[in-house]
Amino acid sequence: MFRKKNHKNSILKFFVAIALFIALLTSVQHHALSQTKEAVKKTLPVENKVDSSKKNLINSDFRARDSVLKIYRDSILKKSDSSNTEIGKSKPGIDSIVIYSAKDSVRFTVGNKMMRLKGDAKIKLKAQSLESEIIEMNFGNSNLKAEGTRDSNRKVKGYPKFTDQGEFFVGEKMSYNFQNKQGTISFGETEISNGFYFGEKIKRVSENELFVRNGCYTTCDEPHPHFYIGSPEMKVIANEKVYMDPIIFYVEDMPLFIVPVGLFFPSRGGRQSGLIIPSFFFSKDRGVVLQDLGLYLALSDYYDTQFKVDYYSKGGYLLKNQTRWKLLDNFEGSLDADYGKIRLKPDDEYNINYKFVFTHNQTLTPQSNIVANMSFMSPDFNRNTSMNYQDRLIQNINSNASYSQNFDNGMMFSLSFNRDQNIITGEYQQTFPQVSWSVPSWKPFKSIAPSGNWLGDISIKYGVSGKYYQDKVIQYDSAFVDSTQQYKQDTTIIFNTKSSINHNPSISISPKLGYFTITPSFNIRANNYFKRLTRTYDSTDSSTNDTFENGFFTEYNYNFGISAQTRLYGIVKPEIFGLKALRHTFQPTFSFSYTPNLSNPSFGFYDSYYNTSTKKYVQYSRYEVDGGGIASKSLSRSLGFEFLNNFDAKIASKDTNPDQNVSFFVWKINGSYNMAADSLRFSDINMNFRIPDLKFITLNADAGFTVYDEARTYNQTTGELTNNYAPINKFLIENGKGLMRLKRLGLTLSTAFSSEGISTGYQGEEPEVQQTPKDSIGLGDRFRRRLEYTDSTFDNFGDNTPGYSSFRIPWQLSFNLRFDYNNPTLNTFSKTLNLSTNLSFKLTDTWDFKGTAQYDFINKKLLAPNLSIVKDLHCWELSFSWTPNFGYYLHSIRFLINSFGLSAKIVILKIFLCKNISGKNEENFNY
């Protein structure tokens, strides 16, 4: 009852707010709405009428030439050429040099000191310039008028373009006074804050103040914009502010809301503090979602910050802050911090969610720097806050930070932090501190060995590192609950710590004897630990007890070996069907390695205890709690082999281009034989097969085989046979079961098709194509389109269609088929066959469809399907996303601004409340 009452009160308050808003909207002056709308819908200027008396050309009328000469006598002639003329001071008119030119005609009237330019006319005075088809200038009172013309096709020609100290204005007609810096522009337009503002008339009252009647601002470049902010009275202070009173927001000429008070916005270039206009979308479980509503603060040239909020009508809120900093090339970074209370469904409880992401990159000196990428999140943060399906699939996040220092002698020092966190369960593994020191390669015999001798290439390298490791592990157990007679899952949180010092010396030798490359190797590894484990067995309850001895202990391991490699070639030249040559490259590699047995307790690396239950000795590492166990437990004298086969061809070109080399396929097989083992001396035989150069398909296969037979094992306690199998020291061929048995197989096959044909497979890296922004239209072109724009009705009967045009839908379709077969022992068997597909097509230039899905053929399940539809509304974007998964549906509808001037689909506005337009006088709006 309490919830229902609150619900009714909320509905009542909502309707009261709507009523008040409607009353406020209707109370605003009606002409504010109509005049602003008319300013946008006006498309055609008044047709110009030229007096026939003004058609005399200076080149054909001697009286015009005499008028020019008289003006020259009264003025100071500064410069004269074929295209430009400069006129100096002529009291009491203009007191500066005027540069003018015209392609058609120049006409002077001496009596009233008038000059008329026609045909690509241009005038320049100080930092001001004007271009127009027709310009009339009065040297007596410094008045200037300009207008364009229309040709027989009603196309606009030579509309006025006025430039003053970097500001650019265009208009249908223009008048200006060079003395008092005042003027008006009919149907004027200019650029501001990555958008356009225009009005029925623009009046300039000083060098930096403009008044606009029925002004509009938009970032849409269409001649009839899809959305705009309008105001019947607007004042612009150049490079500072734009005042509006009132402010009305239109979409498709329909006023959506109105602010009945005066506001002003910044008009300066660069970063500006202000409000962040949000986007919104609809979700089944979240309701109406208002995303990224906030405030942007440009605090200085070196750092800025954003405060944003996401609001879910059914699911809580999320507060977000993003701060960035940068100082030249010295350092840069960012800090993202999110906090909120979210619930997935209206009936769920609210959960606290947080995220902390810190990045920093700083160059301290040319040889030292700091890099940090830190991420911390509450469990299930992405699933609770993100509507993006890929974000919801993320289970782990990584954090790392490091300081590194390089020295002139080649040595390097580093201090680092690493953390891997499971954001679903809250488990993590982290290492801090981790200190590393490395010594560069040293060639001890280079100075004494003869030039070119392989002894001079023997190099020794050494590195040492120390780390402290921590982790958090959750163990899940089932506990019996008497009250319910059911088992309930119980969890235990365990924290582990490890510490060690690791030494990694290495020796590199690569001699070459004839056609063979001989590579000896010697590897040694040593770790230091600070505690040693002793484990005892308690036969009374079959448990083990661990005791530790503190100190400084060392564990090591070493091995050495040698390998030999060569290459053999076989070439055939069939010279048929354009196939000029076939080549088989056979690259065998044989190796021998030795690893000692260091498991004897006398070395102090391993120990054992006797388990009376199983009647067996159990061996353990005395340093296993600190990650020990690097010492070898068994003797190994192993012979290894690898055969690499590469088949390629040379194909003749049909023109003068060079012949093409194509690699058909690569086949590799490897294995080993341990002479020191008492049984099962042969390892598994591994094979890999791939086709690298097919342009329409990608094929990769890998497999593993065993040569040994298997038998059922016995239960150590009861002595009975089990259903488990283990390898025995008998070959399959001895028991008549063939030469080898397949243990694993992986096969990947992928291809793609498009409306252009089959286009996938290995083709190398494609060059990046620079995309030109769709809305990067200039002010002049946009104004011309607006002047020539006419409303057109829909062509219902196709009377004005251009005729037949082919129907074409660009599309792309890709497939990836993965088959895995695993049969490690006879009683363990698994296989998977998954098909992943991606489909995208454009039904029209503005409708974009994308779909992804994965199908499991073994379990007959559709995995992770997703469908997204995006409608490009030119300066707006409407998107729909649908993801059915695991019994619930994730879908959203998003509607947001998508204009060229709105970086990352965000509008930054700086709004200040003012009682009225500063310096507002009614006479300033009387044009």
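**View A. D648 is a buried residue, with a relative accessible area of 16%.** Here, buried means under 20% relative accessible area, exposed means over 50%, and partly exposed is anything in between (1.4 Å probe, protein chains only). The partner of D648 is R583: their side chains meet in a salt bridge, with 2.9 Å from N to O. R583 sits in strand β40 and D648 in strand β43 (residues 636-651), so this pair ties together parts of the chain that are 65 residues apart in sequence. R583 counts as partly exposed, at 36% relative accessibility. A salt bridge is a side-chain nitrogen of Lys or Arg within 4 Å of a carboxyl oxygen of Asp or Glu.

Before you look further, please note that this is a predicted model, in which local features need pLDDT of at least 70 and side-chain atom pairs count only at pLDDT 80 or more, while totals for chains, interfaces and linings use all residues. Residues are numbered from 1 along each chain as its sequence is written, and side-chain values use heavy atoms, leaving out hydrogens and water.

**View B. The whole protein chain holds 6 helices and 58 strands.** Both kinds of element are DSSP runs numbered from the N terminus: helices are H or I with at least four residues, and strands are E with at least two. The chain has 927 residues, and 36% of them count as buried. Now consider contacts, meaning heavy atoms within 4.5 Å. Among contacts with a separation of 6 or more, 51% involve residues 24 or more positions apart. The chain's accessible surface is about 54,200 Å², and carbon and sulfur atoms own 55% of that area. Such areas come from the Shrake-Rupley method with a 1.4 Å probe, and for residues only the protein chains shown count as cover.

**View C. K308 and D292 join their side chains in a salt bridge of 3.7 Å, N to O.** K308 belongs to strand β26 (residues 303-312) and D292 to strand β25, so the pair ties together parts that are 16 residues apart in sequence. K308 is buried, with a relative accessible area of 14%, and D292 is buried too, at 18%. Look around this pair and you will find a network of salt bridges that links D292, K308, D310 and K320. Across the whole structure, a search finds 19 salt bridges.

**View D. D684 and K743 form a salt bridge, 3.1 Å from N to O.** This pair links distant parts of the chain, 59 residues apart: D684 is in the loop between β44 (660-674) and β45 (685-691), while K743 is in strand β49 (residues 741-754). D684 is partly exposed, with 31% relative accessible area.

**View E. A nonpolar patch on the surface is formed by L290, L293, Y311, Y317, L319, Y339, I352 and Y354.** Which elements give two or more residues to the nonpolar patch? They are β25 (287-297), β27 (316-327) and β29 (351-365). Patches are made of residues with over 30% relative accessible area and no salt bridge; nonpolar side chains (Val, Leu, Ile, Met, Phe, Trp, Tyr) are joined within 5 Å, and like charges within 9 Å.

**View F. F162 and Y176 make a tilted aromatic pair, with centres 5.0 Å apart and planes at 45 degrees.** F162 lies in strand β10 (residues 161-164) and Y176 in strand β12 (residues 173-177), so the pair ties together parts 14 residues apart in sequence. F162 is buried at 5% relative accessibility, and Y176 is buried at 6%. Rings of Phe, Tyr and Trp (its six-membered ring) pair if their centres lie within 6.5 Å; planes under 30 degrees apart count as stacked, over 60 as edge-to-face and the rest as tilted. The whole structure has 30 aromatic pairs, and ring pairs link F586, F590, F641 and F643 into a cluster.

**View G. R419 lies over the face of Y428, 4.2 Å from the ring centre.** Elsewhere, R535 lies over the face of Y620, at 5.3 Å from the ring centre. A charge sits over a ring if NZ of Lys or CZ of Arg is within 6 Å of the ring centre and within 35 degrees of the ring normal.
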